[in-house]
Amino acid sequence: MANGSSLDIAFSVTLDVPRFSAAFGLERKFFWGIASVSACTSFLQRAPSGKMACVKLGSKNDAFQRQGQAWFCTSGLPSDIIVEVGEMSFHLHKFPLLSRSGVMERMIAEAAEKQEEGGVITIPNVPGGAKTFELVAKFCYGVKIECTPSNVVYLRCAAERLEMTEEYGEGNLISQTEAFLNQVVLKSWKDSLTALQTCDDDILPHADELHITKRCIESLAVKACTDPSLFGWPITEHGGPMQSPGGSVLWNGISTGARLKHSSLDWWYEDAATLSLPLYKRLISALESRGIRPEIIAGSVTSYAKRYIPGLNRRQSSSESSSRLVPVALGTPSSEDEQKLLLEEIDRMLPMQKNLVPTKLLFGLLRTSMILRVNPSCICTLEKRVGMQLDQATVEDLLMPNFTNSMDTLYNVDCVQRILEHFLAMEQVNHGGASPCSIDDEQLIGSPSMPPITMVAKLIDGYLAEVAPDVNLKLPKFQSLAGAVPDYARPLDDGLYRAIDIYLKSHPWLGESDREQLCRLMDCQKLSLEACTHAAQNERLPLRIIVQVLFFEQLQLRTSIAGCFLVSDNLDGSRQLRSGIVGSNEGGWGTAVRENQVLKVGMDSMRMRVSELEKECSNMRQEIEKLGRPKGSSAWGNVSKKFGFKLKSQMCSAQEGSVSNQYNGNKKTEKLKNSQGKNKKRSPAISNE
């Protein structure tokens, strides 16, 4: 072997012509002088990088011609035996066949005992059929043939079937193909893959019996588990140049000094995806037995799923989708049963760990499994996988159409409910059964990245808003999904309020009790000021909910106004301090004046809103009194208790006068802002709030 570029191996085969001619009365001149030469010489050649290796067997020119469904050997002598393989017949001569094959020797001897002229023998179950037997026949005649990774499995299995051992000739077909497999094919990733791809359903039992399939899979597994940067493969076998031990590129055995790019660990994904499902499963099993990392297994299975399962990426073009309907390894479009089997096997091969498979791909698998109506256990497993990483999903992912026969809802809300339950169960396990109420509001709101449970709550609220317009969505199903999210997971209930409002708008026939029951899902204290303003004017909400919203909105406004006064006082004190220390600073004074004006405008708008709320509260109290309720302050207290206000000592009627008096006092207080004792005079009013 010179520089590893070529390997020449010579095989010589000598036929024992006198023994067979004496046994069957054949003439020497029949064999074109086979006895006078070394029968066939073969040269094993390692192909250039990126090309398929091959071994050339035989030395004679092709003397076979095909006419319809028959092959003829144009040796100048009439054929004395007809071999039928499948639908093809071969008009051949006895001696080249019996000198190589034990099976054909026995069959020809049986035909001679029957003294049949122009006998016909039929050889059933030849691996590879007539196409492979054509190469076998040419090998028996010493005609030039090429043994490649594409046909070596067929030739090896056919040689075994025909008993072409060394007993019937030195350098027979079994030894030739075994040498090619072991010395060339199994040492190369590309050639091992090509040979394994030829192990289809017809020849797979024969290949398994001879352990060819196992040897090819082990060869691929060893190479896939090895760091590709340590060797020339797979770079040298995908059209790239050879590599020296130092890592530089070789050209004709000479180092060029150039360096090859580092290969990633997923270099073999695309090649492995060309295998049929049974062979791919065995390859993955071999990789797992060798301890390859789960993320690498998941990456390969993901690549395989994208290749053979259509519709995993809903944004892919129609041309890509149609091309993936035709698997490369199978060659024909997969039937529905084959797609079911493929999806179930992919689910079994995927490791059951979080963040190994993209969330969108998992949703695609789940959506496809529902369309194909695969095994319920497979759907359940996929739902668990999605639930493990639900915080990474989007609302678009959750919008899975309902493929059931009932079609009661447009989207599969039940599936989303089960996925949410899986996520909540996993969250409870991860927190060791700790009370969820231990999560602080600062952790939920103030942290730069929201906790997973908060992200899921936001996701579910968005999903509810999308499915709420469905008129077929029943109230219990909507309530069940919305109520499944824990209270502590929602820092604000604005998203839930939006979903409830959309549902009420799309279901105007709901009664007052149903609407009140639905609105109890949200906490009015957790609505933002904007949401409270919208809810106070929302005619779709029940009266009880509107009263609660107005009450808590008033409290929020009062708290905001009190905060503004404190900020204004602090600003005034700091300005006086700065003026005493720094002296007259025209630029700083102008900024302070502008800030004070902004604060005044904000406080004026708040005062107007408070006045409007007071009028609304007054009108509502009058309406309630007209209905026959008890009058007076105690009556308004009973109303507040009936409507379920959560604050114990805050009564609207009790605070109505204090709010008006406070803001009248505030107007007077603003005139005394330049006095030194202003803060001390106003502190009791603020503390009474």
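Contact here means heavy atoms within 4.5 Å. The structure described is a predicted model. Its chain has 689 residues, of which 47% count as buried. The secondary structure comes to 29 helices and eleven strands. Among contacts in the chain with a separation of 6 or more, 71% join residues 24 or more positions apart.

Two packed helices are described by the angle between their axes and the distance between the axes. Helix 20 spans residues 452-467, and helix 22 spans residues 494-506. Their axes come within 8 Å and cross at roughly 15°. Angles under 35 degrees count as roughly parallel, and helix 20 and helix 22 are therefore roughly parallel to each other. Helix 20 passes helix 22 in a left-handed crossing. On the side of helix 20, the contact involves Asp461, Leu464 and Ala465. These meet Gly495, Leu496, Arg498, Ala499 and Ile502 in helix 22. By class, the residues of this contact between helix 20 and helix 22 are five nonpolar, one polar and two charged.

Helix 22 also packs against helix 21. The axes of helix 21 and helix 22 come within 12 Å and cross at roughly 175°. Angles over 145 degrees count as roughly antiparallel, so helix 21 and helix 22 are roughly antiparallel to each other. Helix 21 contributes Leu475, Phe478 and Ala482 to the contact. Helix 22 contributes Leu496, Ala499, Ile500 and Tyr503. The contact of helix 21 with helix 22 has seven nonpolar residues, with no polar and no charged ones.

The crossing of helix 21 past helix 23 is left-handed. Leu475, Phe478 and Gln479 of helix 21 make the contact with Asp514, Gln517 and Leu518 of helix 23. Three nonpolar, two polar and one charged residue form this contact of helix 21 with helix 23.

The loop between helix 21 (475-484) and helix 22 holds Arg490. Arg490 has a relative accessible area of 5%, so this residue is buried. Leaving aside its neighbours within four places in sequence, Arg490 is in contact with Ala457, Asp461, Ala482, Val485, Leu496 and Lys526.

Elsewhere, the largest nonpolar core contains 163 residues. Val83, Leu92, Phe133 and Trp268 touch the most other members of this core. Beyond its neighbours within four places in sequence, Val83 is in contact with Met88, Ser89, Phe90, Leu92, Leu97, Ile121, Ile123 and Phe133.

Helix 6 is mostly covered, with eight of its eleven residues buried. The buried residues are Leu173, Ile174, Gln176, Thr177, Glu178, Ala179, Phe180 and Leu181. Thr177, in helix 6, has 0% relative accessibility and therefore counts as buried. Not counting residues up to four places away in sequence, Thr177 touches Cys147, Val152, Leu155 and Arg156.

Cys617 counts as buried because its relative accessibility is 10%. The C-alpha atoms of Cys617 and Leu550 are separated by 8.0 Å. These two residues are 67 residues apart along the chain.

Most residues other than glycine have a negative phi. Glu163, which is not a glycine, has a positive phi near 55°. Glu163 lies in the loop between helix 5 (152-161) and helix 6 (173-183). With a relative accessible area of 28%, Glu163 is partly exposed. His211 also has a positive phi, of about 60°, although it is not a glycine. The loop that holds His211 runs between helix 8 (204-209) and helix 9 (212-225). His211 counts as partly exposed, at 48% relative accessibility.

How values were computed
Residues are numbered from 1 along each chain as its sequence is written. This is a predicted model: local features need pLDDT of at least 70, side-chain atom pairs count only at pLDDT 80 or more; totals for chains, interfaces and linings use all residues. Side-chain values use heavy atoms; hydrogens and water are left out. Axes are lines fitted to C-alpha atoms, for helices over the stretch in contact, and angles run from 0 to 180 degrees between N-to-C directions. Helices (H or I, at least four residues) and strands (E, at least two) are DSSP runs, numbered from the N terminus. Angles under 35 degrees count as roughly parallel, over 145 as roughly antiparallel, 65 to 115 as roughly perpendicular and the rest as oblique. A crossing is left-handed if the near helix is turned anticlockwise from the far one by less than a right angle, and right-handed if clockwise. Ala, Val, Leu, Ile, Met, Phe, Trp, Tyr, Cys and Pro count as nonpolar, Asp, Glu, Lys and Arg as charged, and the others, Gly among them, as polar. A nonpolar core is a set of buried Ala, Val, Leu, Ile, Met, Phe, Trp, Tyr and Cys residues joined through side-chain atoms within 4.5 Å. Buried means under 20% relative accessible area, exposed over 50%, partly exposed in between (1.4 Å probe, protein chains only).
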